[in-house]
Amino acid sequence: TSTAAAAAFPPMSSKAPTPFGVTATKAPSAPMPPMSSKAPTPFGSPPAGNKTPNAKPSPSPIRATSTSGGDGGPSSSQPFAVGGARTSPAAKLFAQAFLPLALKTAEARSARKVEWKSQLDTNNSGSVSPGTVEGWIRRTLGTFVKKRGGTAVKSADSVAAAAGLYKKYQPSYLQAYNASVAVSVDRSPSSSSSAKKLPPPAMFVSHREFRLLVSNICFHVLAYDAFAAIDVDGTHRLTREEFCSHCREAAHRGFQVLDRIGSSGSGGGSEKGEAKEGYWDPDAVFDRMDADSGGMVLF
């Protein structure tokens with residue numbers, strides 16, 4: 001009846017509706033503070049000022065830490081500290097294009113998932129070949145260089161810059177790929193009986209190895225940058241004379257082992273036998289690299 005309906009549905013209140021999730025007897029929470037004017041933290045980097053207790057520095061030449069600009073915010077020109085003081089600007093630029101995908105963060109994990117499906121494993125086979133990876137490296141560099149240059153850089157100039165960067169470090173790509181293949185498969189069985197059950201070695205990089213692949217790409221590019229500093233004649237091979245004369249050119253590029261070669265204060269490492277006098281002498285180091293006594297060493 002109309003009387004019952006009136007009782008079930010009382011007239012609407014003239015007061016403003018209560019915000020969703022807030023009871024009528026309690027006042028709403030304090031208003032949100034105004035947004036900070038500081039620049040956002042770079043992708044994958046912790047906010048400025050946050051420190052992890054007992055954190056140990058990474059031995060890698062790639063350090064995923066944000067650097068501050070003049071206004072206290074992160075620097076847009078170099079969001080990550082990469083390599084060493086003498087690492088070339090080209091190698092640093094290359095590593096910065098891929099480093100965000102190598103971080104161990106939830107954001108980077110999501111980005112890797114999208115990148116793998118949309119740019120690498122487009123046929124959903126579960127693995128990618130070296131040729132596919134090299135094509136992806138070329139495209140990623142092109143996109144990164146274009147975004148970094150902005151509208152002030154002509155499209156043709158950014159394409160040429162990316163192509164030059166890709167070609168400069170191309171000798172390192174296959175090394176990075178081979179270092180990443182099948183590392184997710186345990187090939188050290190606890191007993192000989194279980195050895196027969198292991199699958200044959202994989203020949204392609206899978207999604208499980210994608211983060212390591214990106215890390216290896218950055219690592220090998222920085223290593224090749226140090227190698228090229230010694231390879232003054234550009235033959236992609238080092239003779240004894242060339243190595244002994246120019247080995248110090250590879251120092252301060254992010255690799256502690258290269259810092260010790262030919263240095264008077266080269267102690268403090270962990271290599272077996274390095275306490276022996278002359279261990280870090282350039283001639284002795286070259287002999288250890290030149291295992292086949294061919295008189296030259298490759299990257």
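His236 is partly exposed, with a relative accessible area of 44%; buried stands for under 20% relative accessible area, exposed for over 50%, and partly exposed for values in between (1.4 Å probe, protein chains only). The model is a predicted one, in which local features need pLDDT of at least 70 and side-chain atom pairs count only at pLDDT 80 or more, while totals for chains, interfaces and linings use all residues. Residues are numbered from 1 along each chain as its sequence is written, and side-chain values use heavy atoms, with hydrogens and water left out.

The location of His236 is the loop between helix H7 (210-230) and strand S5 (237-239). Helices (H or I, at least four residues) and strands (E, at least two) are DSSP runs, numbered from the N terminus. The phi of His236 is near 65 degrees, which is positive for a residue other than glycine. Asn124, also not a glycine, has a positive phi of about 60 degrees. Asn124 belongs to the loop between helix H3 (106-120) and strand S3 (127-128) and is exposed, with a relative accessible area of 67%. Most residues other than glycine have a negative phi.

The chain contains 10 helices and six strands. Of its 299 residues, 31% are buried. Contact is defined as heavy atoms within 4.5 Å. Among contacts between residues at least 6 apart in sequence, 59% join residues at least 24 apart.

Two packed helices are described by the angle between their axes and the distance between the axes. Axes are lines fitted to C-alpha atoms, for helices over the stretch in contact, and angles between N-to-C directions run from 0 to 180 degrees. Helix H2 (residues 89-102) packs with helix H4 (residues 130-149) at an angle of about 105 degrees, and their axes are 10 Å apart. H2 is therefore roughly perpendicular to H4, given that angles under 35 degrees count as roughly parallel, over 145 as roughly antiparallel, 65 to 115 as roughly perpendicular and the rest as oblique. On the H2 side the contact involves Leu93, Phe94, Gln96, Ala97, Phe98 and Leu101, and on the H4 side Trp136, Ile137, Thr140, Leu141, Phe144 and Arg148. These residues of the contact of H2 with H4 comprise nine nonpolar, two polar and one charged. In this classification Ala, Val, Leu, Ile, Met, Phe, Trp, Tyr, Cys and Pro count as nonpolar, Asp, Glu, Lys and Arg as charged, and the others, Gly among them, as polar.

For H2 and H3, the axes come within 7 Å and cross at roughly 110 degrees. H2 is thus roughly perpendicular to H3. Pro100, Leu101 and Ala102 in H2 meet Ala108, Ala111, Arg112 and Glu115 in H3. The contact of H2 with H3 divides into five nonpolar, no polar and two charged residues.

Rings of Phe, Tyr and Trp (its six-membered ring) pair if their centres lie within 6.5 Å; planes under 30 degrees apart count as stacked, over 60 as edge-to-face and the rest as tilted. By this rule there are 14 aromatic pairs. In one of them, the ring centres of Phe98 and Trp136 are 5.3 Å apart and the planes lie at 70 degrees, so the pair is edge-to-face. Phe98 lies in helix H2 and Trp136 in helix H4, so the pair ties together parts 38 residues apart in sequence. Phe98 is buried, with a relative accessible area of 0%, and Trp136 is buried, with a relative accessible area of 0%. One aromatic cluster includes Phe94, Phe98, Trp116, Trp136, Tyr166, Tyr169 and Phe299.

A charge sits over a ring if NZ of Lys or CZ of Arg is within 6 Å of the ring centre and within 35 degrees of the ring normal. Arg138 lies over the face of Tyr166, at 4.1 Å from the ring centre. Arg288 lies over the face of Trp280, at 5.9 Å from the ring centre.

Further C-alpha separations concern Val82, Leu222 and Lys146. Val82 is in strand S2 (residues 81-82) and is buried, with a relative accessible area of 3%. Val82 and Gly254 are 7.9 Å apart in space, C-alpha to C-alpha, and 172 residues apart in sequence. Leu222, in helix H7, is buried at a relative accessible area of 1%. Lys146, in helix H4, is exposed, with a relative accessible area of 53%. Lys146 and Asp157 are 11 residues apart along the chain, and their C-alpha atoms are separated by 8.9 Å.
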